[in-house]
Structure formats: C-alpha cells, structure tokens
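Open the model in your viewer and keep the sequence beside it. The stops below say what to select and what to look for.

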Amino acid sequence: MPEIIHVSVNGIAVAVESGTTVAAAVLQCGISSFRRSVTGEPRGPLCGMGICFECRVTVDRLAHAKSCQTLCTPGMEITTDE
Amino acid sequence: MRQTFDVAIVGAGIVGAACALECAQAELKVAIIESSIVGGGATAAAMGHIVAMDDSEAQFSLTRFSQQLWNTLRTELPREVEFELTGTIWVAADEDEMSAVRNKNRYFTSRGVPAEVLDAAALKQAEPNLRPGLVGALLVPEDSVIYPPTAARWLAERAQQCGASLVRGKAIRLRGGSVEIADGTAISSSLVVNATGAWAPELTPGLEIRKRKGHLVITDRYSGFLRHQLVELGYLKSAHSVTSDSCAFNVQPRATGQILIGSSRQYGAEHSAIDHKIVAGMLARACEYMPALGKMAAVRCWTGFRAATPDKLPLIGPSVTDQKIWLATGHEGLGITTSLGTAKLLVDQIVGRRSAIPIEPYLPARGSREHVYA
C-alpha cells in the first residue's frame, strides 16, 4: 500500500500517494491553468519532462518550480495560476 | 551624388547613439555607422544602472551631470526603456565599510546629491531579503535603472528623426575626412568620431583602452523580491583592482520582476565565452548577501566587454594623432550613465559651446600632456 501524504493546493488540503508529482497533484484537483503567461494566458503541463517550463507553479512561496519535476512532500504548499 | 557629412560617428552603441542625437539637435549633418544592430554590443550586455559615482571629482562631475540629463529626459522615454527611479543602496558589511558609507554620504550631500545613511534596521526594512548581520548602508534615491538596448535604439531613432543617417556597414579605416567601409565604399565627413567602445583601438591604433570582461546572470520573474539596485561597498575595492579578476555583489530589480545579478571584472580575457568559475564566484557572492537568491531559477547568462582606460575616465574629444578623428569611448562600466553627458561634451567642443562641467579631465590629450610635463 503506498503511503498517503497531504499537501495543499491553493489552500485546499489534498491527499496524494507518496511519489506523486506536484503536476499530478494539481491535475488531481481539476486545475488546468497552472500559471499565467506574461500576457495573461493560461498555461499548463505540455512536455511533462522538465523541458517546456509551461507547468511552473509556486511551491512553498517560491515561484517557478517545475511541477512535473517536483515530488510532493508532506505539508507542501502549492499555489497555481499566478 | 556623394553626400558629405559634418560628423560621422562609428558605432551605434548607447554612446554613439547619444552623440548622434546631440549632433543632429545642434543641426550638424551626421551619419552613424554600425556594422551590426543598434545597441547590440556592450550596451546590450550592460546592467543599465544610472549612477552617481565618487571615485574622483571628474568621475563624479560626469556621472552626476549625466544622471541629471537622464532624469530630465525621463518623461520623454518610451515605456520599453523601462526607466525606474529605483535608487541605489550601497551595502556595508562591516564597520570599515560603514565608515565608507559616512564618507560617501558627506561627499554626496555636500555636492547636492540627496543621500541617506541607513542603519541595520532601516536597511532590513528597505530590503528584507538581505541577510541578517549587515551593518548599514547608504541610500542614494536619485539613481535609476534603464534597459540599455532600447534606450540606444530610441536615441538613434530620434537622431534619425532629426536628420541623422544610419549607415549599415563595418568601418575598417578612419581617416581625417572619411570612413572606409568594408564593402569598398567611403563615408565623407569633416569629423570622424570613434565610438566603438572596447574595440576602439582597432580603428585608432595606440589608444590606451583595454577590454574588461564582465558576466551577468538574469533570473526568472520574482516580483517584489528586490526594490533597489544593491551594491556592496566592497565593490569599490574589487572594481579598482587593475591586476586580478574580481566579483562583487551587485543586483538590480528589473521592471519585469526579474533580478539581474552581477558583477565580474576581468582583464586579459578576450574571448566572449562564459567562464563558469567566474559565474560561480559571482553567484556565491550574491548568495552571501541574499541567501534566497540561491533557490531562484536563472534563465540566462552572458558576457560583455567594458572599454577601460588607465585613469578610469572616458576619452571625449579630438584624438592625439589626428585632430579630425575624435573619440567617444573608454567609459568602462559607466557608459550607460555617462552616454548623455558624453554627447553634450563632445558636441560642445565641436560647435564651440561652453560646457556645463569642465571638459579637461576627459580630453584624449590629457595622457600625452602628463607625459610631456612628467
């Protein structure tokens, strides 16, 4: 049985299996706009392998974390659409 | 019909572009000759810090005069020039540097430059992301920040609107009376101005200008992290060293929320490739002062070449060897600031106007005069 950990996405507690990426946790919440482009357009994961930089979110108050390359840790605070 | 110009300026960096505009506004018939894009050399590589400096009385006069010209121009600058009155904070890490802060404060305030000494608590409030334990700082609120390549482009475009001609081509030889272009043509002009920065000795052999290489790093967007241009006072020690490579803490907030991280100085490094040891040293120094920078994402790193003279002052005026070949180069790390003042002093000499500040310290002949009287 995989361990269950809790993170928060935009202030809402979310339970995920350990080993889940931040991108998967955000998608699990039904969110598709991970961030806004410079001109305000919604952006989300495209390549899923850390190359395109489209899936960036704020993790523990630090902007521009690549959500597809970051694993959830207990208590992590994830903020999207900034 | 072949055109003849009053002034042909070689190099459309920020200095050449500013000189072209000033010439055109003085109703001189001016050509700017550029082999690449406007503002694409040291101008594009520079930080864009408009700063009053106090290394010498002459350096102060030119930087302060130029800064006031920028501040007058600010309402006319288009948005893409990104002019922001950020102010500079000179950061003191120990008591020695704090006494330098007090000296700098006396120097500036006695010459009419607003400045304010910050204690540790005031510094923390001004820039909360600096590490604890710093002793204090000097805030100079009239310093500002611009985006140099767009500023150069704007100056060049305005010059053209005032009648200047922009000629695309690589100047290969300067003569009193003409500039030879690589394609075999020549631009005929009464005066020729070499404004090619660190490359000036290639066109005017014998100039005492050395390339001083610098690296910069820019981060992704972290709005609100940094508010002022921050420079360590130790910068003065490292910037003055003429022998060794040096790195100093020097960071700048961009209008985009990005943070520009500098700065390095190297003599004898002629290649533009990034030197990773230097970048590592520069980033380590930045993280010493602002530890949270270490977790941020950098998006780009580049190099550029400052045009350094032996006495740290630019060369503005007729060359020693040929009175028809003039110089506007040797600005080292202050070319963005002093471009506007340089243009005024150059054109004052061309048209015989009285200058707002004494021009003698910047005349190219100063070195040879010293030699004669030595």
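**Before you start**

This is a predicted model, in which local features need pLDDT of at least 70, side-chain atom pairs count only at pLDDT 80 or more, and totals for chains, interfaces and linings use all residues. Residues are numbered from 1 along each chain as its sequence is written, while chains are lettered from A and ligands numbered from 1 in the order in which they are written.

**Stop 1: the domains of chain B**

Colour domain 1 (4-46 + 148-208 + 311-373) and domain 2 (85-145 + 210-308) of chain B separately. These bounds come from an automatic or database domain assignment. The C-alpha centres of domain 1 and domain 2 of chain B are 29 Å apart. Domain 1 of chain B gives 11 residues to the contact and domain 2 of chain B gives 10 residues; two residues are in contact if their C-beta atoms, placed from the backbone, lie within 7 Å. On the domain 1 side, the touching residues are 5 nonpolar, 5 polar and 1 charged. Here Ala, Val, Leu, Ile, Met, Phe, Trp, Tyr, Cys and Pro count as nonpolar, Asp, Glu, Lys and Arg as charged, and the others, Gly among them, as polar.

**Stop 2: the nonpolar cores**

A nonpolar core is a set of buried Ala, Val, Leu, Ile, Met, Phe, Trp, Tyr and Cys residues joined through C-beta atoms within 7 Å. A residue is buried if 20 or more other C-beta atoms lie within 10 Å of its own, exposed if 12 or fewer, and partly exposed in between, with C-beta atoms placed from the backbone.

Select Ala17(B), Ala20(B) and Ile32(B): of the 117 residues in the largest nonpolar core, they touch the most other members. Helix 1 (residues 14-25) of chain B supplies the largest share of this core, 9 residues. Helices (H or I, at least four residues) and strands (E, at least two) are DSSP runs, numbered from the N terminus. Both domain 1 and domain 2 of chain B contribute at least three residues to this core.

Select residues 148-161 of chain B, which form helix 6. This helix has 14 residues and reaches 20 Å from its first C-alpha to its last, close to the 20 Å expected at 1.5 Å a residue. The expected span is 1.5 Å times one less than the number of residues. Is helix 6 of chain B enclosed or open? Because 10 of its 14 residues are buried, helix 6 of chain B is largely enclosed by the rest of the structure. Its buried residues include Pro148(B), Arg153(B), Trp154(B) and Ala159(B). They pack against helix 1, strand 2 (30-34), helix 2 (42-45), strand 8 (165-168) and helix 10 (335-351) of chain B. After helix 6 of chain B comes Gly163(B), with a positive phi near 110°.

**Stop 3: helix 9 of chain B**

Move to residues 276-289 of chain B, helix 9. Which residues of helix 9 of chain B are buried? They are Ile278(B), Met282(B), Arg285(B), Ala286(B) and Tyr289(B). Viewed down the axis of helix 9 of chain B, the buried residues fall within an arc of 100°, so they line one face of the helix. The arc is that of the directions from the helix axis to the C-beta atoms. The face turned away from the buried side carries the exposed residues His276(B), Lys277(B), Ala280(B) and Ala284(B).

Among the strands that the buried residues of helix 9 of chain B pack against is strand 15 (258-267) of chain B. Ser263(B) lies in strand 15 of chain B, and the peptide bond from Gly262(B) to Ser263(B) is cis, with omega near -5°.

**Stop 4: positive phi in chain A**

Most residues other than glycine have a negative phi, and most peptide bonds are trans. Select Asp60(A), in the loop between strand 5 (56-59) and strand 6 (62-66) of chain A. Its phi is positive, near 50°. Asp60(A) counts as exposed because it has 12 C-beta neighbours inside 10 Å. Then select His64(A), in strand 6 of chain A, with a positive phi near 70°. His64(A) is partly exposed, with 19 other C-beta atoms within 10 Å.

**Stop 5: Thr329(B)**

Finish at Thr329(B) in strand 18 (residues 325-329) of chain B. With 31 C-beta neighbours inside 10 Å, Thr329(B) counts as buried. Leaving aside neighbours within four places in sequence, its contacts include Asn194(B), Gly197(B), Ile209(B), Ala307(B) and Pro314(B).
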